[in-house]
Structures are given as structure tokens and as C-alpha cells.
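Dear colleague,

I am handing over a structure for you to look through, and below it you will find my notes on what turned up in it. Please read them with the structure open beside you.

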Amino acid sequence: MAALFTRLAIETYRDNARPHASLSPPFAQPYGKLDKAAAALARTVGCEAAPLPVGEAAYFLTGLYTTLLAARERGALGAFYTPPALASRLLDLAEEQGINWEKARVLDPASGGGAFLLPAAERMMAVLPAAEPAFVLRQIGARLLGLELDPYAAGFGQSAIELLLADLTSAAGIAAPIVVRVTDTLEEPPSAKFDLVIGNPPYGRVTLTPEQRLRFARGLYGHANLYGVFTDIAVRWTKKGGTIAYLTPTSFLSGHYYSALRELIAKEAPPAAIDFVHARRGVFEDVLQETLLAVYRRGAKPGRAQVHYLQVANEREARVIRNGTIGLPSPASQPWLAPREPRHSALIVAAEAMTARLKDWGYRVSTGPLVWNRYKDQMRQRPARGVHPLIWAEAVSANGCFAFRAEKRNHAPYFKIEARDAWLLVQEACVLVQRTTAKEQARRLIAAELPADFIAQHGGVVVENHLNMVRPSARPAVSPATVAAVLNSKIVDQLFRCINGSVAVSAFEMEALPLPSAAAMRKVEALVGRGADSATIEYELAQLYGQTAA
């Protein structure tokens with residue numbers, strides 16, 4: 001019904017605002033029939049859009065399809081509407097990298113309803129104001145291409161182009177060029193002839209065929225995500241010296257599954273500029289992950305990329321704040337440090353010079369081993385022989401203290417260890433860190449020391465997998481209590497925010513945190529040992545990172 005509604009709204013808009021526009025037959029004819037109320041609403045929507053400028057109206061009308069899709073279907077397609085403010089900004093970033101609309105060949109490999117094709121066509125038209133209409137139409141037909149798997153979305157994108165070009169087609173007496181092709185982009189043989197590959201690639205895990213997995217192996221680590229595969233595709237389709245401009249989640253900057261992708265980008269198309277998107281409520285409402293805009297230069301040498309903070313007030317307006325730079329780590333598979341706010345820039349500079357990590361302090365990070373719903377019959381309410389405390393995420397409080405408790409539904413306080421389960425038992429002091437936190441929380445890193453005396457009292461504990469464990473891998477050079485204090489500090493929390501791009505606090509990202517050397521930590525170690533207050537510890541840590549404590 002989403003396709004029927006959208007098609008009727010577009011046709012009504014054409015009849016009222018662009019009657020001289022000729023719309024091509026749909027790539028796929030929507031099936032079914034709208035009831036009278038839905039049809040009337042679609043016509044009303046089309047009429048209401050009539051006074052809008054054609055570009056704005058086309059964005060709105062083609063976006064109806066994505067909006068009206070069921071959440072499950074939209075997720076399966078990886079389809080999310082791109083606000084015009086973000087599309088415009090991404091095109092601006094491409095221009096800053098030297099894209100010339102008089103000559104550039106442009107591809108959107110997942111073009112959807114034409115959110116990027118339409119403004120690209122507008123910019124091509126704008127640089128040819130005195131040209132013959134037929135020449136402009138030929139130029140757009142020769143230099144603009146969208147590939148799209150969903151035939152309905154592809155048809156709406158083509159209709160948007162035809163509405164935009166109606167004045168030119170009417171004056172020239174010829175049809176608008178077909179710039180959208182229905183195809184599975186993953187199966188298209190690449191042709192590295194485009195000056196600009198731009199888009200909002202689909203998101204979500206994808207099961208690749210063995211042939212596809214082999215083809216895209218260079219950018220894969222573990223499970224495949226569509227936007228990672230489409231990044232590889234963009235590299236293949238962009239000619240040397242060309243530009244890739246993508247809207248993606250920030251998670252690729254740090255996630256373990258994108259290690260190979262980061263290596264590929266650094267080698268083949270290093271980033272030139274990145275915008276972190278901060279959108280007010282109502283913009284990108286259905287996208288849970290943080291979002292960024294990035295441009296990459298095919299075949300360039302890695303350097304420092306300019307970072308901006310993009311404040312999106314509504315679908316049409318955004319404000320850009322200059323936000324420092326990002327340099328790529330070595331190896332590039334490691335998480336990329338990038339300032340999320342202007343105040344992070346100086347912190348990044350200091351952190352980039354730090355070579356110590358948790359492993360250098362004598363620690364490794366792993367996820368709590370117990371997946372509780374696989375062991376329901378071994379959970380207990382009381383201690384007994386062979387029964388040990390079960391440590392849930394709520395045992396780590398927001399203020400960084402450990403308290404043995406199991407207060408939530410289905411959370412039993414104890415666990416019965418069977419002979420085959422010895423690997424679940426934790427018998428050394430460690431630091432527990434909550435695995436899921438949101439950027440809106442006061443702290444992203446919430447840690448607490450699991451005291452050695454508590455473990456000794458109970459002969460070991462079992463840690464559930466909503467917690468990370470920072471465990472000694474050798475004789476540690478820094479005490480667990482100090483590790484907890486560092487992870488709970490404001491300065492390291494800000495640093496973690498410059499790495500992380502999702503709600504998950506991963507072991508991989510924690511192990512990548514730049515830290516002072518163990519030798520430099522002696523004063524902090526002494527402060528923690530004598531029970532100094534958090535403000536004093538915070539001050540000393542800030543000094544180590546070259547900052548002034550807030």
C-alpha cells in the first residue's frame with residue numbers, strides 16, 4: 001500500500017503543479033487497491049505539495065514511500081529517508097573536494113527515491129544556465145546514474161527526476177533521460193569511471209553468497225554489514241582522484257567488525273572530511289545509531305581529515321561547526337579517534353601521542369562469559385556447595401561502586417557450577433564495566449572493582465555477559481582499583497566518546513583506549529591507594545592528558 005499511496009500522491013502533484021511533466025511507466029506496477037479514504041488522503045497530500053518548489057516537493061513525495069513502509073520491511077531493505085539538509089551538506093562536501101558539476105560523472109549505488117540524484121541533477125542544471133535544453137538533458141543522462149534494488153523506490157526516484165526536468169523536456173520536446181536502473185548492486189560488475197560516488201547506503205547485516213563473500217573479502221571481518229559492502233563497492237566504482245561521499249553510522253570508525261574496512265579505506269580512499277551529525281528529535285527518528293557524513297579521496301595519501309559538527313535543526317536546515325581533525329592510527333584497523341565536540345580536539349592531540357594501552361598495564365578485556373538464558377536450570381536463589389554469586393550488570397552502580405545484588409526480574413543471585421562449567425568461574429580480582437550505555441548518559445564508561453576479598457569469600461563468582469571484565473593477564477603494573485578510577489574519570493569518558501559510535505561498550509574499543517604509561521600512573525596509583533577524592537584523582541589524570549580538569 002505504501003507504493004500505491006506514494007504513486008497516487010506523485011501523480012496528483014504532477015497534475016496540479018507540473019502538468020507538462022511526462023512520467024515514465026513504473027518499473028513495477030503497485031498491486032492492490034487503496035480504499036476511498038486512503039486514496040483521498042493521497043490526493044490531498046499531492047495537492048498540498050503543489051505550492052512547494054519542485055525539488056522540495058519531490059523530496060517530500062518520494063519520502064512517503066519509505067515512511068509508509070512497515071518497520072520490518074524498511075529494516076529488511078535497509079531503507080531510511082535522507083533529510084534534504086544532509087543530502088545538501090554531503091554534496092557541499094563533495095564540491096569542497098573539487099567536484100565539477102559541468103563534467104562530473106555521478107553514481108548513487110543505492111539511490112532509493114532519488115534523495116541524492118535530484119540535488120545532483122539540480123547542480124548540473126545550475127552550471128549550464130544558457131545551454132540548450134536538449135544538451136542539458138543529454139548531459140544529465142550521460143553523467144548521472146542511480147542503482148536501486150527496490151523497483152518501487154527506483155520508480156519514484158525516476159519520477160522525481162522527471163518532475164524536476166519537466167521544463168527542459170517540454171522546451172526540448174524530448175523525454176527525460178532514464179537515470180535509474182533496477183538492479184542488485186552487489187552483482188553489478190564495477191566500472192571505475194565515476195568522479196563521485198555518493199549516497200546513503202543501506203544498513204544492516206546481510207548474508208552474502210559464497211561468491212559475494214569472496215569478492216568483498218578484503219573489507220570483511222566476521223559478519224557482513226550492507227553499508228560496509230557498499231563502501232567497498234564505492235571504492236571499486238570511483239576513479240582515481242575521484243570522491244566518495246557517504247552517509248553512514250559512526251560505528252565503522254571503531255567497531256571490531258569494521259577492522260578490515262578501515263584498513264581498506266585507509267589504503268584505497270582515505271577520509272578528507274567528516275561531519276558528525278547531531279539531529280534534533282524528529283530528524284532521522286528511526287535510525288538508532290549515531291550518524292556521520294564523510295568524503296574520501298580515491299588514491300590519495302592518508303593525512304589529517306577535517307572534522308565538523310553538523311547541527312540539524314530540521315529536514316532543511318543545518319549548521320556547521322569546525323571541529324578539529326582526525327589522523328589515522330597505525331595500523332588503520334584500530335579504532336579511529338575523532339573529536340565529537342569542539343572541546344575534544346586538544347584531547348585527541350594528546351591521546352594520539354600516547355602509546356600505552358590496557359595490555360601495557362597488564363590487563364585484557366573480555367565479555368562476561370555467562371549467557372544466562374542458556375543456563376536457566378542452574379540459577380539459584382541461595383548459596384550452597386558448588387554455588388557461587390552471579391554478577392549482573394546492576395551490580396555496577398552509576399557512581400562506580402560494586403554491590404552484590406540481583407534485583408531485576410529473572411535475575412537470580414547465585415549460579416550452580418557443574419563439572420563442565422569450570423570456565424565460567426572468575427577467581428581473580430578484576431574490574432567490571434557495563435556493556436551497554438547511551439551517549440545521553442552522564443558517563444559512557446561505568447566501572448567498578450570486583451574486590452579480591454569478595455571473590456575469596458565465595459571461592460569465585462560468575463559474571464553475566466552484560467558486563468565486560470578487565471582482567472589481569474600478567475602481573476599488573478596498575479592496580480584494579482586504579483583501573484576502575486581511570487575508567488570512571490571524566491577525561492577518559494570523553495576520550496571513549498571520541499572512539500565509540502554505538503550503545504555498545506566493546507572490549508575491542510576499551511583495549512584501544514590511549515592511556516598514560518604505567519610509570520606515569522604512579523601518582524594516581526598513590527592517590528587511589530590512600531582513598532583520595534574523585535576530584536583530586538580527576539585533576540591528576542587531566543594533567544596526564546594535557547588538559548585542565550573541569
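**A patch on the surface**

V182 counts as partly exposed because its relative accessibility is 36%, where buried means under 20% relative accessible area, exposed means over 50%, and partly exposed lies in between, all with a 1.4 Å probe and protein chains only. This is a predicted model, in which local features need pLDDT of at least 70 and side-chain atom pairs count only at pLDDT 80 or more, while totals for chains, interfaces and linings use all residues. Residues are numbered from 1 along each chain as its sequence is written, and side-chain values use heavy atoms, with hydrogens and water left out.

V182 lies in strand 3 (residues 180-182); helices (H or I, at least four residues) and strands (E, at least two) are DSSP runs, numbered from the N terminus. Together with F27 and I178, V182 forms a nonpolar patch on the surface, with about 250 Å² of accessible area for the three together. Such patches are made of residues with over 30% relative accessible area and no salt bridge, nonpolar side chains (Val, Leu, Ile, Met, Phe, Trp, Tyr) being joined within 5 Å and like charges within 9 Å. A salt bridge here is a side-chain nitrogen of Lys or Arg within 4 Å of a carboxyl oxygen of Asp or Glu, and the areas come from the Shrake-Rupley method with a 1.4 Å probe, where for residues only the protein chains shown count as cover.

In soluble globular proteins, nonpolar side chains tend to be buried together.

**Strands and their partners**

Seven of the nine residues of strand 8 (residues 271-279) are buried. Strand 8 runs antiparallel to strand 9 (residues 291-297), with six bridges between them, and parallel to strand 10 (residues 305-312), with seven bridges; two strands are said to pair if DSSP finds at least two bridges between them. A273 stands opposite V295 in strand 9 and opposite Q306 in strand 10.

Strand 14 (residues 387-391) is largely enclosed by the rest of the structure, because five of its five residues are buried. Three bridges link strand 14 to the antiparallel strand 15 (residues 414-416), where P389 faces Y414, while two bridges pair strand 14 with strand 19 (residues 461-463) in the parallel sense, where I391 has V463 as its bridge partner.

Strand 17 (residues 430-434) also has five of five residues buried, so it is largely enclosed by the rest of the structure. C430, L432 and Q434 point one way from strand 17, and V431 and V433 point the other way.

**Two backbone details**

Most residues other than glycine have a negative phi, and most peptide bonds are trans. N410, however, has a positive phi of about 75° although it is not a glycine, and its place is in the loop between strand 14 and strand 15. The peptide bond from S330 to P331 is cis, with omega near 0°, and P331 sits in the loop between strand 11 (318-326) and helix 13 (345-352).

With best wishes
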